[in-house]
Amino acid sequence: MKMSQSHQQPALSKCPGCEEPLDAGDLFCGACGYDLSAVPARPDDRPTMAITVPPAAGAVRWPAAAGTGSSDVPAPVQHPADLPVTDSGGRPPAEPEHGQEPVGGPEAGPVPVRHDDRAEPGGAADSGDFALAAPDPRTAEHTASPATAPAHGAKVCVACRSGRVDPDGYCENCGHAQPRERDHMEQELDAVAAVSDRGLRHHRNEDSFAVSSTALPDGSPAVVAIVCDGVSSASRPDEASAAAASAANEALLESLPRGTHPQAAMHEAIVAASEAVNALAQEPAGAMEHDAHRHQNAPACTLVGAVMAGGLLVVGWVGDSRVYWVPEDRAQPTARLTEDDSWAAQMVAAGLMNEAEAYADERAHAITGWLGADAYELEPHTAAFKPDRPGLVVVCTDGLWNYAESAEEMAAAVPADAHERPLHAAQVLVGHALDGGGHDNVTVALLPFAVRSQGAGSACETV
Amino acid sequence: MANFSKSNVPQFSVEVYQNEFLPEGGREVNAIVTVTSTGGGTTGGTPLAGSAPAYGPGQAPDAAVVLMVDCSGSMDYPPTKMRNARDATAAAIDTLREGTRFAVVAGTHVAKDVYPGNGRLAVADAQTKAQAKGALRNLSAGGGTAIGTWLRLADRLLGAADVGIRHGILLTDGRNEHEAPEDLRAALDSCAGRFTCDARGVGTDWEVKEVTGIAAALLGTADIVADPAGLAADFTRMMENAMGKEVADVALRLWTPVGVEIRFVKQVAPTVADLTGRRTEANPRAGDYPTGSWGDESRDYHVCVLVPEAGIGQEMLAARVSLILPDPSGAGAPQTLSHGLVRAVWTDDMVASTSINPQVAHYTGQAELAQVIQQGLDARKSGDFDGATAKLGRAVQLASASGNQDTAKLLSKVVDVVDAATGTVRLKAKVAEADEMTLETRSTKTVRVKK
């Protein structure tokens, strides 16, 4: 995982280079000449949409589901149908205080911080002028699904087209690494689609995802999407993300059909994913030469997941991968549903800095929560929502949100027909990140959310 | 030293230490390749089928050793030298494993096989060992020095034996005065790859470059035995080492893709030895570098290649390093014992691309250490004292920083160290010849990086 500071800098009131105050519309810093075009300016008033902060007028106002916001204690196991159904018109949640505690909020004392290993040197200035190494999903937008992109059955080098490919995955003639299966992955199910891409600047894809669908005991469908981002300053981040995604997915597929409340199930799934990543630390590195200078560091990754079941939308996360809500009617407000485990988010949450200051700091994107054996203490965050209108759930890594940080930007990047063609929309979003520079691996899963008919809702109420 | 209780089918492992990350436009890829050979004791790996005779458990491979003892006239000055050489040879013979083929060659301006003396090798047992030691008593000093003739005789003797390991031990006390340097060169060329040879200089009247040149060409060790009294212990150690060898003629094969240039291939531990020029082409994309015979041991190699530029996010295989064993019949395909990959990954992450792998840094320093010692001593001999001071000062600094205490100690006998950290030294006015020769001979010894 890699954080690009330049792409989500909030509105610039001060020069990132010299702290000189800036005027709106400045292209360069008047004091030091810093190229401000490398830092796209933002609307001034764009507070990070913290889901638990009381929404401003016109913002999403959903009824709270029971158990919301319990980041440490799993929600009580209960059948979704047991939940009191709240009127979708916006009746205030029964216990607003309970839901308003910032998830993963300020912690007393020092917080464990894990710095990602690279700082972006050039910013946007150096993006856009490089040869494409992997098949470009932008050109494959309309391919049929599900497709696992590069076909290498032919075993002829994609670079020189003359050498055979050796068992290690390199050309026997020119030595070039061949596209790996994980460089570009796509998957589409009935109610969810996901795309993951290596990006343009990383040599391998350290993101991973898992999507699946199952049924609750009452026969209603449940859809699961998990997205993980390997921490590249740790060893074997690709293995960590793959292990976490599949462990969380399997845990959900096991617990949801048993009737576990989706929020509790999500909590358990994150714990299971964490154990899977921890277990990697005990294994010897398979290819030590690949990570020889980093092998001290336990494998680690972030995780974000979404479950749609029984009219609920449950999200869970550790780290800085995110979930956005984009309503089908774009006139309606959009929202970010997760709160990053990042230094900047913690500073803001603790009231120590405002958002502009926090995100301008070079530590902004250091993550403070992750899955891995060297994590201080696992703090899975989960939240449950009961959307009252149809929309799209965007589950993504920072490789995408670096290029569409605010909920509005994300909504703007999502094609209008996303709920009908989720795979295509996911491809478009990955393309959006690649067009922006593709500095990191990009992974996005889309879950179109349909509101259950009034009849179904009533049925619930009467059970 | 070899552990004879283990199986004699060695397992080779290759580990590659490198920073594979290159900045945009970066081309040079450095890697330290650690090759470790262990006797095994398990049959987890593929046995070296066909390459070595199938010896039963606890049995060592067949080996043949020829001891070449300088018997030139100078060995009688002082007379203890000849006596010590005899004793040392006797000690080495005592160390021979039963069943090992052996012979003793007395070297002057001609070579004579003094034991068994029939142009063949004896098989070591109690009786032949006693006979050989008896023959040593008749050795006397007299005549010149023509080392090429000794080596050619050793080659004839060893070549006739049907064994897996062929090794020579050569002792000289003087310069190779009775043949042209080209004759020695030609002898070394014809013997290279046919047997390995350790070379020792006794006293201080021999030429360091001759002795180290023999050892380098024949993939053995070189050392000085300034005090003849130390010969017996040294010979015993050399013979034990030779007896520990389990597989011969192992080559380091370097495969590189199209467009990749090889800058150098060096052995960097236990000693520095440049192998770049000793490449033999195996196929259009690969070449073999000789490494000689292996027992239970570990060696490090430094491989440096230039790859074609590629864009950020690209990855390529810069080189594949494998250990191969030629087919004994010469007809079949060589057997690959183990291999490792040297990669190149271009990144815009400056932290990743600018960091230097600690192993690479360490051995780059050790190779420079060997080089500046050599240059400093050469400058000192040619009267360039400023140059010598600068080079040896740098050597002191490198030896101190890398923890190469043996070399630091040897350096301190040639220079007065003012400040090791900055490399400030003064040349000593009087330096014992033995100290200077010891430093020169052992300048290539390296220490390994602590892991």
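## Ala159 of chain A

Ala159(A) counts as partly exposed because 19 C-beta neighbours lie inside 10 Å, and a residue is called buried at 20 or more. This describes a predicted model.

Ala159(A) sits in the loop between helix H1 (96-100) and strand S1 (184-188) of chain A. Leaving aside residues up to four places away in sequence, Ala159(A) touches Cys171(A), Cys174(A) and His176(A). Between Ala159(A) and Ala349(A) there are 48 Å in space, C-alpha to C-alpha, and the two are 190 residues apart in sequence.

## Overall form of chain B

Chain B contains 11 helices and 20 strands. Its C-alpha trace spans about 75 × 60 × 40 Å along the principal axes.

In chain B, 52% of the 451 residues count as buried. Among contacts in chain B with a separation of 6 or more, 75% are between residues 24 or more positions apart.

## An open sheet in chain B

Which order do the five strands of the open sheet in chain B follow? The order is S1-S3-S16-S12-S13, and the pairing is antiparallel. Strand S1 (11-18) and strand S13 (273-274) of chain B each have a single partner strand, so they stand at the edges and one side of each has no neighbour in the sheet.

Within this sheet, strand S3 (residues 28-38) of chain B pairs with strand S16 (residues 297-306) of chain B over 10 bridges, in the antiparallel sense. Val29(B) has Val305(B) as its bridge partner in S16(B).

Notes: Residues numbered from 1 in each chain as written. Chains lettered and ligands numbered in written order. Predicted model: local features only at pLDDT ≥ 70, side-chain atom pairs only at ≥ 80, totals over all residues. Helix = DSSP H or I, 4+ residues; strand = E, 2+ residues; numbered from the N terminus. Buried ≥ 20, exposed ≤ 12 C-beta atoms within 10 Å, placed from the backbone. Contact = placed C-beta atoms within 7 Å. Pairing = 2+ DSSP bridges.
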